[in-house]
Amino acid sequence: MDGIGFLFAGFAAFWLLLGGYVVTLGWRQVGLKRQMERLERELSRVGES
Amino acid sequence: MANEQTLTRPGSAGSGRNVGGTLDLGLADAGKAGGDRWSVVVNLLGVLSVVAVLAALYGALIWAPREAQMGDIQRIFYFHVPSAWVAMGPAFTMVFACCIAYLVKKDLRYDRIAAASAEIGVMFTTITLITGPIWARPIWGAYWTWDPRLTTTLVLWFIYVAYLMLRSATPSGHRRARLSAVFGIVGYVDVPIVFMSIRWWRTIHPDVLTGQDSGLDPSMRAVLFFALGAFTLLYAYLLAVRVRQDGLAMRVERLRHLLQQR
């Protein structure tokens with residue numbers, strides 16, 4: 001692999017790691033929001049009864 | 001953060017009962033205006049950091065001149081050095097400062113910021129430890145050597161991974177915060193060791209930022225410093241997002257607790 005190949009590998013590694021972390025953050029955010037909505041609905045139902 | 005104080009037990013303000021069709025958690029208006037303003041700031045920071053990082057990418061790949069001896073592989077340096085800077089500069093220093101702040105003030109918000117910053121620091125240290133060897137292979141002829149700079153950076157990665165593992169193994173609360181704070185303060189000792197390793201021991205690792213003759217062309221230096229600024233902005237944005245997410249996780253936990261009390 002020549003210099004360009006290693007350069008590409010380095011940048012690919014950088015974007016994969018950063019992108020992976022950002023995707024994980026986004027996934028966690030979606031999961032938390034869904035949990036929050038579900039718990040609010042349940043609390044509302046319990047509050048009504 | 002104001003919402004932490006207004007989410008209360010049943011029978012008081014923010015009772016959890018259904019009031020006028022809306023769920024009365026005492027969260028509705030408390031700090032809403034402040035929260036909206038904070039969201040705008042965070043989103044603006046996000047846009048700025050994305051633009052800055054893309055501009056840094058352009059500078060690194062296109063604008064910066066080709067290095068005479070190393071060729072194009074040298075361009076990795078414009079991402080490798082800023083990643084190392086973010087990890088050892090703002091990220092782990094924030095962990096250190098927040099750990100001290102927690103021990104002094106006993107405020108769990110500092111513990112949460114420390115944890116968020118450590119996570120981002122570990123991510124950037126991982127980037128440093130991967131991009132460095134990729135650069136090293138064609139230049140030094142080997143992916144890894146037990147050079148002082150490389151070794152101390154690897155130790156630093158282990159320290160903060162252990163910090164995160166300690167936190168995940170301990171139930172949330174003041175005990176975890178206390179343990180993490182002590183660990184975070186002691187672990188920071190390695191940061192100046194990494195930085196000074198180039199001066200204290202014989203090393204083949206280049207000393208570009210502080211060396212007297214870094215061999216950097218002025219335009220290369222300009223791209224490098226721009227990338228340092230762009231990555232710092234990115235760190236600030238990721239930290240803001242992560243801390244906000246922690247606030248949301250805390251609210252979910254409290255809602256769950258409220259539901260269990262019914």
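## Salt bridges within the chains

B:R75 and B:D72 form a salt bridge, with their closest N and O atoms 3.1 Å apart; the term denotes a side-chain nitrogen of Lys or Arg within 4 Å of a carboxyl oxygen of Asp or Glu. This is a predicted model, in which local features need pLDDT of at least 70 and side-chain atom pairs count only at pLDDT 80 or more, while totals for chains, interfaces and linings use all residues. Side-chain values use heavy atoms, with hydrogens and water left out, residues are numbered from 1 along each chain as its sequence is written, and chains are lettered from A and ligands numbered from 1 in the order in which they are written. B:R75 counts as buried because its relative accessibility is 7%, and B:D72 counts as buried at 16%. Buried means under 20% relative accessible area, exposed means over 50%, and partly exposed lies in between (1.4 Å probe, protein chains only).

By this rule the count comes to eight salt bridges over all chains. One of them joins A:E42 to A:R38, with the closest N and O atoms 3.2 Å apart. These two residues are four apart in helix α1 of chain A, so about one helical turn separates them. Helices are DSSP runs (H or I, at least four residues), as are strands (E, at least two), numbered from the N terminus. A:E42 is partly exposed at 23% relative accessibility, and A:R38 is partly exposed at 36%.

## A network at the interface

In chain B, B:R242 forms a salt bridge with B:D246, the closest N and O atoms being 3.2 Å apart. Both residues lie in helix α8 of chain B, four residues apart, about one turn of the helix, and both are buried. Through shared partners, salt bridges join A:R28, B:E119, B:R242 and B:D246 into one network.

The rule finds one salt bridge across the interface of chain B and chain A. The side chains of B:E119 and A:R28 meet in a salt bridge at 3.7 Å, N to O. Five residue pairs are in polar contact across the interface of chain B and chain A, both residues being at pLDDT 80 or more. A polar contact is a pair of N or O atoms within 3.5 Å; within protein, one must be able to donate a hydrogen and the other to accept it, and residues adjacent in sequence count only if both atoms are side-chain atoms. The elements that give two or more residues to the side of chain B that touches chain A are α2, α3, α4 and α8 of chain B. The largest share of that side, 14 residues, comes from α8(B).

## Extent of the interface

The contact (heavy atoms within 4.5 Å) takes 39 residues from chain B and 30 residues from chain A. About 3,200 Å² is buried between the two chains, 80% of it on carbon and sulfur atoms. Buried area is the accessible area (1.4 Å probe) that two parts lose on being put together, summed over both. B:Q245, B:L248 and B:L259 supply 18% of the area that chain B buries against chain A, more than any other three residues.

## Nonpolar cores

The largest nonpolar core has 67 residues, of which B:Y78, B:F79, B:F92, B:V95, B:F124, B:Y160 and B:L238 touch the most other members. Such a core is a set of buried Ala, Val, Leu, Ile, Met, Phe, Trp, Tyr and Cys residues joined through side-chain atoms within 4.5 Å. The elements that give two or more residues to this core are α1 (3–48) of chain A and, from chain B, α2 (32–63), α3 (77–105), α4 (108–140), α5 (148–169), α6 (174–187), α7 (190–200) and α8 (218–261).

Not counting residues up to four places away in sequence, B:Y78 touches B:A60, B:A64, B:M220, B:V223, B:L224 and B:A227. A second, separate core of nine residues includes A:L32, A:L39, B:L258 and B:L259.

## Helix α4 of chain B

α4(B) has 33 residues and reaches 46 Å from its first C-alpha to its last, close to the 48 Å expected at 1.5 Å a residue. The expected span is 1.5 Å times one less than the number of residues. Because 24 of its 33 residues are buried, α4(B) is largely enclosed by the rest of the structure.

B:D107 caps the N-terminal end of α4(B), with a side-chain oxygen 3.0 Å from the backbone nitrogen of B:R109. Just after α4(B), B:G141 takes a positive phi of about 85°.

## The loop between α5 and α6

B:T170 is found in the loop between α5 and α6 of chain B and is buried at 10% relative accessibility. Its side chain reaches the backbone oxygen of B:L166 at 2.7 Å. Not counting residues up to four places away in sequence, B:T170 touches B:R175, B:R176 and B:L179.
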